[in-house]
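Let's take a friendly walk through a protein model. Have a look at the picture before you read on.

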Amino acid sequence: MSRFMSPRFAGLEAYTPGEQPRDQVYVKLNTNESPYAPSPEVLAAVSQAEVEKLNLYPDPTGKVLKEKLAALYGVEAKNVFLSNGSDDILNFAFMAFCDSERGAAYPEISYGFYPVYADLYHVDSKVIPLKEDFSVDYRDYCGIGRMVVIANPNAPTGMEISLAEIEEILKSNPDNIVIIDEAYIDFGGTSCVDLIKKYDNLLVVQTFSKSRSMAGARLGFAIADAGIIEDLEKIKYSTNPYNINRLTLAAGEAAVDSNEYYVENAKKIAETREMTTVRLREMDFTVLDSKANFIFAKSNSISGKVIYEELKKKGVLVRFWGKAKIEDFVRITIGTPEQMNVLFDKLEEIIAEQKGD
Ligand code: PMP
């Protein structure tokens, strides 16, 4: 920290994204990207013609994309907010709805950015442990009287809570925002988007980064009651109104137009996930039941650190935290079946090497 930085950030510990090494070509199963390319429509939309318009600012309202998303999700355009990745939306939500008096609550094992935003805005946080089986106990959040943030399915566990449980949290916290982060919802989970019509305190956050193969384009969206959307727009127009660039807007519109392509890919990924779960259990791994495009798994005989390090040496990247309660787990993104076969081969080798065969 230089002497110029405000002392209010002295204790801030920034988020560490998953590694993106450039030293060799890895089988990249560490940051939950889609293994499939964007649709042909998206590739066509990011065209020479669009590039030639880069001298012009993009539409700060994102009108066309909002209308397309509203039609897809059965809501109105005024219920849709767009931003530069869903991280941006979470940032805005903490900025808008929390302060030193309005706290937040989220699970202890969840997306690592929640505590960073909480610290950034000096928000008092209640960090709630998961149950023994790694599930979120919705009762812990009922009547909690603070902003609630739950990833559903949760990351990095991949486990889901039900719509009925989400409703209980919403009903019992009528004066607080409940954020359901649905970054991984398209791989087999049940979205709570429809509940925005019944609960004006629900903010559903989604992203184009996972099921829509656009992590590199940075596009996220939120769906909520129009009042919440207006609050988020106020923050956006007070920071960076043009936070979605022209190429990303065009790509996003084309992605919604080619929704079927992404539904098919999500189905393929869910099938590969089920195959991977079975295969790893056969290799003596404990694998949580996942509804996401990743699995959370631990070998019953080899430490998480060794699995992570040996896989990396063999050219396969997975995510490892080495944190209390999950020290032996690694999170493995679901790639193509071919990529998963490489993973299985490398794991077999590691298991044999560790046994000293
Ligand atoms: N929420 C969760 C639970 C995530 O895992 C991620 C991906 N790191 C995000 C939000 C942010 O994704 P993006 O900013 O790419 O939309």
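The report below covers the nonpolar cores and then a sheet.

## About the model

This is a predicted model, in which local features need pLDDT of at least 70, side-chain atom pairs count only at pLDDT 80 or more, and totals for chains, interfaces and linings use all residues. Residues are numbered from 1 along each chain as its sequence is written, and side-chain values use heavy atoms, with hydrogens and water left out.

## The nonpolar cores

A nonpolar core is a set of buried Ala, Val, Leu, Ile, Met, Phe, Trp, Tyr and Cys residues joined through side-chain atoms within 4.5 Å; buried means under 20% relative accessible area, with a 1.4 Å probe and protein chains only. The largest one here has 51 residues, and Leu 69, Leu 202 and Phe 208 have the most contacts inside it. Helix α8 (residues 246–257) gives the largest share, six residues. Because domain 1 (12–37 + 260–356) and domain 2 (40–257) both contribute residues, this core lies between them; the domain bounds come from an automatic or database assignment.

Leu 69 touches Val 80, Leu 82, Phe 208, Phe 221 and Val 256, leaving aside residues up to four places away in sequence. Contact means heavy atoms within 4.5 Å. A second, separate core has 32 residues, including Phe 187 and Ile 334.

## The sheet

Four strands form an open sheet in the order β9-β10-β13-β12, with antiparallel pairing. Strands are DSSP runs of E with at least two residues, and helices are runs of H or I with at least four; two strands pair if DSSP finds at least two bridges between them. β9 (285–287) and β12 (319–320) are the edge strands, each pairing on one side only. β9 and β10 (residues 294–299) share three bridges, and Phe 285 has Ser 299 in β10 as its bridge partner.

Methods. Buried means under 20% relative accessible area, exposed over 50%, partly exposed in between (1.4 Å probe, protein chains only).
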